[in-house]
Amino acid sequence: LSGTPASLVAEPRLAESRFAPGILYAGTEGGHVWVTRNDGTQWTDVSAGLPRKWVTRVVASRYDVGTVYVSMTGYREDDVTSYLYRSTDFGATWMAISSNLPAESINVVSEDPKRPGLLYVGTDAGVYVSFDRGAAWLSLCADLPTTPVMDLVVNQREEEIVSATHGRSLFLLDARPVQALSDAVRASDLHLFDVRPVRLTWQPGRDVPPQPPRGRALLHVWLKAASELKIGISDADTRVVRTLSVRGA
């Protein structure tokens, strides 16, 4: 292929546009990003404005034909700066969107498949989310060990955020509350997100010896201010069968 970058490596650094056939992006270990609009017949270097750092991920947006995201790392030079960029013109110009991310190497950037503008990054220490295309970031590290997150995808069927770590296995997070966290929810004092249905595996008369029902429902609540919270669990006849007392922060 004419003009193909010599140091092109694995799939995470190769991205294909969903909008038009023939539009591909490629990132290299040498810090270059390339684009082709004719199925690789000719590649154009669009690295101007980017640092010469190892490209860890290239993502062509599913919402806008000209938008592409690039994450980079300087770990080989002991550089832990968070390098993350967005272009809205096929790589002609780039904007840094690492904003308030901590100084951690970024290994992956991912776009939410249901909500435009919702982004995730996996770094050498955790997972972060942005609701405004990278203008500001929030931590999703509460239940994660401090370990490099090397890959991250949103499973559309299961509606879960799947994070793959280096040496600490996989972690799942319900994507639905994250996708539903709107400005209206943030403005409210209290909001209970939809509860994921849970199927009990125990059936009376079939389990021998009898076993307690197995199944766990996770409740996700937004509290504008830290406070004590009581949650009542009702049965099908609206009778309260359990009351939970928690402190939200």
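Arg37 lies over the face of Phe90, at 3.8 Å from the ring centre, where a charge sits over a ring if NZ of Lys or CZ of Arg is within 6 Å of the ring centre and within 35 degrees of the ring normal. This is a predicted model, in which local features need pLDDT of at least 70 and side-chain atom pairs count only at pLDDT 80 or more, while totals for chains, interfaces and linings use all residues. Residues are numbered from 1 along each chain as its sequence is written, and side-chain values use heavy atoms, with hydrogens and water left out.

**Rings**

- The charged end of Arg186 sits over the ring of Phe131, 4.8 Å from its centre.
- A search of the whole structure finds 1 aromatic pair, a term for rings of Phe, Tyr and Trp (its six-membered ring) whose centres lie within 6.5 Å, with planes under 30 degrees apart counted as stacked, over 60 as edge-to-face and the rest as tilted.
- The ring centres of Trp54 and Tyr75 are 6.1 Å apart and their planes stand at 50 degrees, so the pair is tilted.
- Trp54 lies in strand S5 (residues 54–60) and Tyr75 in the loop between strand S6 (68–74) and strand S7 (79–87), so the pair ties together parts that are 21 residues apart in sequence; strands here are DSSP runs (E, at least two residues), numbered from the N terminus.
- Trp54 is buried, with a relative accessible area of 16%, whereas Tyr75, at 47%, counts as partly exposed (buried means under 20% relative accessible area, exposed over 50%, partly exposed in between, with a 1.4 Å probe and protein chains only).

**Salt bridges**

- The count comes to 9 salt bridges, each being a side-chain nitrogen of Lys or Arg within 4 Å of a carboxyl oxygen of Asp or Glu.
- Lys53, Glu77 and Asp79 are linked in a network of salt bridges, with closest N and O atoms 3.3 Å apart for Lys53 and Glu77 and 3.2 Å apart for Lys53 and Asp79.
- Both Lys53 and Asp79 are buried, while Glu77 counts as partly exposed at 45% relative accessibility.
- Arg176 forms a salt bridge with Asp174, the closest N and O atoms being 3.7 Å apart, and Asp174 is buried, at 12% relative accessible area.

**Sheet**

- An open sheet of 3 strands has the order S13-S14-S15, with antiparallel pairing; two strands pair if DSSP finds at least two bridges between them.
- Strand S13 (149–155) and strand S15 (170–174) stand at the edges, each with a single partner strand, so one side of each is left without a neighbour in the sheet.
- Strand S14 (residues 160–165) is joined to S15 by 5 bridges, and Ile161 stands opposite Leu173 in S15.

Terms used: Helix = DSSP H or I, 4+ residues; strand = E, 2+ residues; numbered from the N terminus.
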